Amino acid sequence: MNDLLQAAAAPGFDDPLEMLRACHGRITAQCDTLQRLVGHLQAQGNDTQAAQAARAILRYFDTAGRHHHDDEEQDLFPALLASGDSEVARHVARLLGEHQEMDAAWHTLRPLLAAIAEDRAGTLDAGTVAHFIDCYARHIVFENGTLLPLAQTLLDEATLQHIGRNMAARRGVTA
């Protein structure tokens, strides 16, 4: 389980769309860890590895996961909506709805993970975990396959650089 806690190097803020794609990869890795945590808890109980994995998942979705949604909602989506393209508007509306669904799923899952991290529980509800993972999986497939390629064609370099600077600032990084 410890090998799942390692993160891959991310693209820089000068390529914000690639950075968003890379974040999707890290989200998927966290969801994989979460799925394995369910089985680990069933087989081994809440041991040190389980608590560490729970803490890592909490840390990721409380910080990087939240920043990722903010990157999209505060910068990427408004830049795309400025194009005036009705197809883009439909895609953004869909993704914003999915963000609300993912936030609700996290709100349900978070206290269960905190209980594992704090050794107050020994199992995770598999249905709650499956719902959370499914929400993210569907979202990532649509965003990577449809929205990000569209953004690549619609957004000019100055807009992308502006988005990248805002993403860096959100994380306290000077880019």
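**Exercise 1. Work out the surroundings of Ile140 in this predicted model: which residues does Ile140 contact, leaving aside its neighbours within four places in sequence?**

Solution. 
- Step 1: Look for heavy atoms within 4.5 Å, the cut-off for a contact. With sequence neighbours within four places left out, Ile140 touches His24, Ile27, Thr28 and Gly145.
- Step 2: Ile140 belongs to helix H5, which spans 126-154.
- Step 3: Judge the burial. The relative accessibility of Ile140 is 9%, and buried means under 20%, so Ile140 counts as buried.
- Step 4: Take a distance along the chain. Ala130 and Ile140 are 10 residues apart, and their C-alpha atoms are separated by 15 Å.

**Exercise 2. Now try Gln30: is Gln30 buried or exposed, and where is its place?**

Solution. 
- Step 1: Find the element. Gln30 sits in helix H1, residues 16-44.
- Step 2: Read the accessibility. Gln30 has a relative accessible area of 11%, so this residue is buried.
- Step 3: List the contacts. Leaving aside neighbours within four places in sequence, Gln30 meets Ala56, Ile57, Tyr60 and Phe61.

**Exercise 3. Examine the pair Glu18 and Arg21: what joins their side chains, and how many residues apart are they in helix H1?**

Solution. 
- Step 1: Side chains of opposite charge can pair when their charged atoms come close.
- Step 2: Check the distance. From N to O, Glu18 and Arg21 are 3.1 Å apart, and their side chains form a salt bridge. The cut-off for such a bridge is 4 Å.
- Step 3: Consider the spacing. Because Glu18 and Arg21 are 3 residues apart in helix H1, about one helical turn separates them.

**Exercise 4. Compare the partners in the bridge between Arg94 and Glu98: which accessibility class does Arg94 fall in, and which does Glu98?**

Solution. 
- Step 1: Confirm the bridge. The side chains of Arg94 and Glu98 meet at 2.8 Å, N to O.
- Step 2: Locate both ends. The two residues lie in helix H4 (residues 86-117), 4 residues apart, or about one turn of the helix.
- Step 3: Assign the classes. Arg94, at 39% relative accessibility, counts as partly exposed, whereas Glu98, at 8%, counts as buried.

**Exercise 5. Finish with the charges: how many salt bridges does the structure hold, and where is the place of Asp156?**

Solution. 
- Step 1: Take the total. There are 12 salt bridges in the structure.
- Step 2: Pick out a network. Salt bridges link Arg66, Asp70, Glu73 and Asp103.
- Step 3: Turn to the surface. Asp14, Asp15, Asp156 and Glu157 form a patch of negative charge there.
- Step 4: Asp156 lies in the loop between helix H5 (126-154) and helix H6 (157-170), and Asp156 is partly exposed at 45% relative accessibility.

Methods: Residues are numbered from 1 along each chain as its sequence is written. This is a predicted model: local features need pLDDT of at least 70, side-chain atom pairs count only at pLDDT 80 or more; totals for chains, interfaces and linings use all residues. Side-chain values use heavy atoms; hydrogens and water are left out. Patches are made of residues with over 30% relative accessible area and no salt bridge: like charges are joined within 9 Å, nonpolar side chains (Val, Leu, Ile, Met, Phe, Trp, Tyr) within 5 Å. Accessible areas come from the Shrake-Rupley method with a 1.4 Å probe; for residues, only the protein chains shown count as cover. Lys and Arg count as positive and Asp and Glu as negative; His and the chain ends are not counted. The place of a charge is taken as NZ of Lys, CZ of Arg, CG of Asp or CD of Glu. Buried means under 20% relative accessible area, exposed over 50%, partly exposed in between (1.4 Å probe, protein chains only).
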